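Student: Could you walk me through this structure before I start setting anything up? I'd like to go from the domains to the packing.

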Amino acid sequence: MQKDSYDSSRRDFLKKLPVAITGSAVALSSCSRQEIDEYLQENFRTLSSAEKKEIISNLEKKYSEKYGKKFIVSAKPAIDNTLFGYALDLSRCIGCRRCVYACVKENNQSRDPQIQWIQVLQMEKDKGIDFMHSDVHYDPELVPEEGYFYVPVSCQQCNNPPCIKVCPTKATWQEEDGIVVVDYDWCIGCRYCQAACPYGARHFNFGQPTVPAEEINPITHYLGNRPRIKGVVEKCTFCIQRVREGKYPSCVEICPVGARKFGNLLDPNSEVRYILKNKRVLVLKAELNTQPKFFYYFGV
Amino acid sequence: MYRENKMNSRGAFLKKVSLAVVSVVGIGFAGFSFQKRKVNLGFNVKTLSDDEAKEMARNLPSSESNRLKPEPPPKMQHPSED
Amino acid sequence: MKFLQFFVGSFKIISKGGKAYYSWIIFLFLLLIWGGTGYIHQIKEGLILTNMRDSVSWGFYIGNFTFLVGVAAAAVMLVIPAYIYNWKPIKEIVIFGELLAVTAVIMAMGFVFVDIGQPLKFWHMLPFVGTMNFPSSILTWDVFVLSFYFLINLFVVTYLLYYAFIKKEYDKSIVLPIVLLSIPAAVAIHTITAFLFNALPARPFWNSALLAPRFLASAFCSGPAILIILFQILRKTTKFEIKDETIWKIAELMVYAMAINIFFSIAEYFKEFYSDTEHLVFWKYMFFGLGKNDELVTSSWLSVILGAVAFFLFLFPTTRKNFLTLNIGAVFIYLSVYIEKGMALIIPGFTPDVLGQIYVYYPSITELRTTVMIFSAGFLLFTFLVKIAIAIIFDNYYLDSLGTKKPVPSEVERITAT
């Protein structure tokens with residue numbers, strides 16, 4: 001008796017289910033077909049290559065229309081036998097912030113609200129590397145200032161990245177060449193990775209990101225510098241769109257004092273390997289066992 | 001009406017709790033042990049201790065010759081005005 | 001069909017009431033609309049309307065989430081002493097505790113929902129349809145335990161009320177194991193929520209083994225405080241019976257919880273302040289301010305003082321057994337834990353940030369409005385649930401009341417109508 005009434009009410013519910021589904025379908029159909037597809041798009045890593053191709057051609061079309069430039073969205077995978085590493089000479093860095101703005105331009109970071117993947121910290125020579133006494137807002141007439149040295153910090157591309165460990169959706173991962181990337185369409189914007197990152201390397205699009213059309217860089221990578229959406233996290237990718245094509249990251253190229261070195265850690269003849277062999281290096285917050293692939297050293 | 005069940009339920013309760021704890025811990029342990037552990041770089045890196053780094057920072061020469069005008073600092077993160 | 005009638009009946013119960021009931025509902029609706037329009041604004045413009053930024057990337061929303069998980073956990077944990085001491089209205093304590101738990105879990109999840117940047121994509125973190133990062137991400141664990149906890153509590157209250165509604169004896173062998181299961185589940189939700197913060201070595205402020213025990217102890221203070229006040233209101237306005245002794249017993253248990261909470265806090269303060277390592281900076285910001293940045297100092301001390309006063313009010317039998325001082329104490333401890341979880345837990349974790357920079361965070365108007373939206377929705381839901389429960393348990397509202405016969409007017413209606 002009791003069971004019957006349960007069953008019948010369940011049947012009732014099941015009868016209504018199609019109605020509910022049609023109802024929400026009608027509600028959804030007010031969006032365009034492409035919007036629905038975008039909403040239902042899967043994690044980049046589970047997509048087939050045909051799906052990737054289609055998504056990318058749609059994106060290229062969309063971006064080209066929006067910015068009035070021909071866009072390229074690459075999905076080039078990691079090159080075999082590559083593990084990218086970075087070295088930065090603290091004795092050369094003068095804190096001029098050229099790298100910050102080259103990075104912003106190359107990687108299409110939002111101008112307003114402002115997002116900058118590189119933060120340059122001014123530190124007192126007497127205190128050594130001490131974050132609690134550092135300053136990102138220094139603004140003298142000329143740098144370097146007497147008594148100070150400068151520590152640029154961006155993503156340290158950890159070998160053991162805490163951000164990936166905590167992401168609830170697997171929207172961020174480490175590629176074969178060691179670059180930690182984000183799938184902007186899969187990120188739900190919970191910002192757990194921001195709380196987990198010991199280097200402040202992850203940045204959140206709190207508002208709609210804006211880049212003027214005349215300043216946009218149309219040569220992009222799907223996991224790198226393609227235009228972002230509101231409400232997702234982004235980060236330095238070692239300029240994935242450049243380094244996988246054999247170029248240097250733009251911060252390396254712009255640096256006026258040659259403080260930045262980049263290369264393949266698996267290639268014994270690379271410049272980073274030379275530095276690691278001949279210089280004593282330090283990694284930031286080594287005690288956290290994040291194992292960064294970003295090394296700091298004193299060249300002189 | 002709950003009283004009759006009291007003795008039984010305590011036993012059942014304890015059994016359930018221990019089962020729950022064992023399975024939760026088990027899942028967690030198994031899950032973490034299956035996670036990929038990243039290998040080290042495969043070569044040794046000579047590291048610099050904090051004190052040595054401090055010493056080297058202190059001894060950095062001051063380069064008065066080639067000073068540059070820095071690019072503007074990041075805008076202060078302003079709280080929203082609403 | 002009977003189950004459908006149960007819904008119809010419940011709907012009828014909540015749609016009828018006296019003047020006081022209606023004004024309360026309208027008041028909550030107005031708050032809901034005021035808060036909701038703020039939230040709609042946030043959906044359009046993004047989280048830029050909050051005061052959260054990269055430096056302080058979590059704020060008031062996550063604080064409220066944490067607090068409400070504690071409320072949800074503690075409400076059900078009252079079931080333990082109810083069993084041990086065999087308090088008379090066990091079923092009622094179970095039902096109202098679980099109703100509070102259900103509401104608090106919904107509100108907690110609401111706070112996560114308003115906090116994320118792409119709320120419609122939440123399905124990405126579900127198993128099977130999305131790519132859930134289980135077991136690596138503690139957030140996925142939290143999703144699991146919170147939904148499990150929500151479902152079992154919802155099941156138990158619905159089941160008990162439904163059987164009362166159709167005037168049938170409920171099956172103890174079904175209810176009892178689930179009620180007992182909900183106790184470790186309650187411990188689990190708050191422990192895992194603490195682990196959420198604990199899991200981040202980048203934030204030394206939270207990276208303390210005492211965090212989860214402190215969460216449980218403080219929740220055991222704030223959750224029963226709500227129930228103590230609720231039971232007194234119900235006792236005055238309905239046929240709900242609860243002896244003074246039972247309330248005092250709950251208060252006595254809260255004293256233990258408060259004592260443990262204070263002890264844990266002192267242990268934590270001692271370790272941090274005596275060691276005086278570089279990690280002390282967060283505690284300094286919280287209690288004394290760093291230079292001219294002393295935004296959190298007042299509220300941190302307020303929380304400590306309110307907690308201490310409440311402890312002494314509850315400790316001495318004369319003030320514990322006086323309902324005026326008891327209620328003052330209950331409100332104080334509630335506020336103390338609310339401030340602690342809402343602000344003093346989250347903000348110092350981010351101030352100074354990982355690179356040593358200070359960003360001064362305080363909730364924006366949008367954050368306050370969204371919070372008001374969730375709280376008024378929660379109060380509304382809780383009012384409805386309690387009204388249904390009261391009508392069915394105490395006012396003999398059942399299946400036949402639905403028919404042609406005029407339903408027995410509920411106690412609340414009679415009181416509020418006059």
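Predicted model: local features only at pLDDT ≥ 70, side-chain atom pairs only at ≥ 80, totals over all residues.

Student: OK, which domains does chain C have?

Tutor: The domain assignment of chain C gives domain 1, made of 1-50 + 364-418, and domain 2, which covers 51-363. The C-alpha centres of domain 1 and domain 2 of chain C lie 23 Å apart, and the contact between them takes 29 residues from domain 1 of chain C and 29 residues from domain 2 of chain C.

Student: Which elements of domain 1 of chain C give two or more residues to the side that touches domain 2 of chain C?

Tutor: They are helix 1 (2-15), helix 15 (365-393) and helix 16 (411-417) of chain C, and the largest share, 15 residues, comes from helix 15 of chain C. By class, that side of domain 1 of chain C, the one touching domain 2 of chain C, has 20 nonpolar, six polar and three charged residues.

Student: And how do helix 1 and helix 15 of chain C cross?

Tutor: Their axes come within 9 Å and cross at roughly 110°, which means that helix 1 of chain C is roughly perpendicular to helix 15 of chain C.

Student: Which residues meet there, in helix 1 and helix 15 of chain C?

Tutor: From helix 1 of chain C, C:Ser10, C:Ile13 and C:Ile14 meet C:Phe384, C:Lys387, C:Ile388 and C:Ala391 in helix 15 of chain C. By class, this contact of helix 1 with helix 15 of chain C has five nonpolar, one polar and one charged residues.

Student: Switching topic, how many residues are in the largest nonpolar core?

Tutor: The largest nonpolar core has 218 residues, and those with the most contacts inside it are C:Ala72, C:Ala108, C:Ile189 and C:Ala389. Its largest share, 15 residues, comes from helix 5 (residues 90-115) of chain C, and this core draws at least three residues from each of domain 1 and domain 2 of chain C.

Student: What is C:Ala389 in contact with, leaving aside neighbours within four places in sequence?

Tutor: On that basis, C:Ala389 is in contact with C:Ile95, C:Phe96, C:Leu99 and C:Leu161.

Student: Last one: how many residues does the contact take from chain A and from chain C?

Tutor: That contact takes 47 residues from chain A and 40 residues from chain C. The largest share of the chain A side that touches chain C, five residues, comes from helix 1 of chain A, and the residues of that side of chain A divide into 26 nonpolar, 16 polar and five charged.

Conventions. Residues numbered from 1 in each chain as written. Chains lettered and ligands numbered in written order. Domains from an automatic or database assignment. Contact = placed C-beta atoms within 7 Å. Helix = DSSP H or I, 4+ residues; strand = E, 2+ residues; numbered from the N terminus. Nonpolar A, V, L, I, M, F, W, Y, C, P; charged D, E, K, R; others polar. Core = buried A, V, L, I, M, F, W, Y, C linked by C-beta atoms within 7 Å. Buried ≥ 20, exposed ≤ 12 C-beta atoms within 10 Å, placed from the backbone. Axes fitted to C-alpha atoms, helices over the stretch in contact; angles between N-to-C directions. Parallel < 35°, antiparallel > 145°, perpendicular 65-115°, else oblique.
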